[in-house]
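Dear colleague,

Please find the structure below, handed over for your records. My notes on what was found in it follow.

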Amino acid sequence: MTDILIIGGGTAGLTAGIYAARAGKSATILEKAATGGQIVYSPMVENYPGIPGISGAEYSERLTAQAEALGVAIEYDEAYAADRTADGFAVTGDMGTYEAKALILATGTVHRDLGATGEEELVGCGVSYCAVCDGAFYNDRAVAVVGGGNTALQDALFLAETCKSVAIVHRRDTFRGEAKLVKQLAARPNVRFVLNSTVTALHTEGGELSAITVKDTVTGNETELPVAGVFVAVGQLPQTDAFRTLTETDDAGYFVAGEDCTGTVPGVFVAGDCRAKEVRQLTTAAADGAIAALAACRYVDGL
Ligand code: NAP
């Protein structure tokens, strides 16, 4: 039995592991894919205090190495359920059962789909959710980015380096993402803003995306925009399904826990983007990881 089992190896989970290990507790992270979480897909992180600029991938590698060097165990397995036991919790994964005295849920979020007809079939043939992963396939070609948050703006900046043109399609006339990124994009000759607009159809030629239909939400006019790729960045959804019977979630599906990162069940702590909160940033994910780990340590010590 490990002292603290952390579900999810993103920024919150890895930070929780670091704090638990440094407090002298045994800590295991269960990660279903690769460590790092969503930030792995950020081309450039420029708002982490003390680090003026680092790619999300490099940041994740460094964080993972830091946790492992401290003795945090990382198991690559998907957790399906968690139950209370006489002396803690039992978490069921694909490859076995993991027992722990305390649990930290740091399961993060996944990207939201656009919801357009044919979207799923076009993944890999023109529809992408990751500019860093797929951007190179669209060198010298016209692409669109859908969304108005930091992910969309960062993706557009990244794509503008190599794509012929980048249209940013956003449903409102102001962006949710940082003003600094908007200013950088406005200065790019190959970027244009398509505001008050939504994507209503995807068109194909030979099984590949060839154009999108964009609807102006003010006039109702629809226009066809020829693009080889559309990068969808319309927000995130919490990954909390497996644990909803263990600790409470809100109407949007996020785990209910205050700034003390304490779930609604003793011994369950919640950290990062999966927690119901206002600000989801790398800094707040790291902060949650520290708070949840220290609270879990106190719980394990019976304090
Ligand atoms: P987000 O901030 O929630 O933005 C989602 C965007 O998609 C919004 O502009 C939203 O429009 C739009 N949208 C939502 N549903 C839509 C739909 N059905 N159709 C069309 N547009 C839709 O999501 P995000 O950009 O993925 O960022 C998630 C969080 O991670 C944010 O807190 C962000 O700041 C953070 N982040 C941090 C870093 C970093 O720390 N370096 C990097 C990237 C992201 P409205 O604005 O009209 O709602």
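Phe 269 is in contact (heavy atoms within 4.5 Å) with Ala 102, Leu 103, Ile 104, Leu 105, Cys 261, Thr 262, Gly 263, Ala 292, Ala 295, Ala 296 and Tyr 299, leaving aside residues up to four places away in sequence. This is a predicted model, in which local features need pLDDT of at least 70 and side-chain atom pairs count only at pLDDT 80 or more, while totals for chains, interfaces and linings use all residues. Residues are numbered from 1 along each chain as its sequence is written, and side-chain values use heavy atoms, without hydrogens and water.

Phe 269 also belongs to the largest nonpolar core, of 33 residues, where Ile 4, Ile 6, Tyr 59, Ile 104 and Phe 269 touch the most other members. Such a core is a set of buried Ala, Val, Leu, Ile, Met, Phe, Trp, Tyr and Cys residues joined through side-chain atoms within 4.5 Å; buried means under 20% relative accessible area and exposed over 50%, with a 1.4 Å probe and protein chains only. Helix H6 gives the most to this core, with eight residues.

Tyr 59 lies in helix H2 (residues 56-69), and the buried residues of H2 are Gly 56, Tyr 59, Ser 60, Leu 63, Thr 64 and Ala 67. They fall on the same side of H2 because they cover an arc of only 130 degrees around the axis (taken from the directions from the axis to the C-beta atoms). On the other side of H2, Glu 61 and Ala 69 are exposed. Helices (at least four residues) and strands (at least two) are DSSP runs, numbered from the N terminus. Helix H1 (11-22), strand E3 (73-76) and helix H6 (282-300) are among what covers the buried residues of H2.

Yours sincerely

Technical notes:
Expected span 1.5 Å × (residues − 1).
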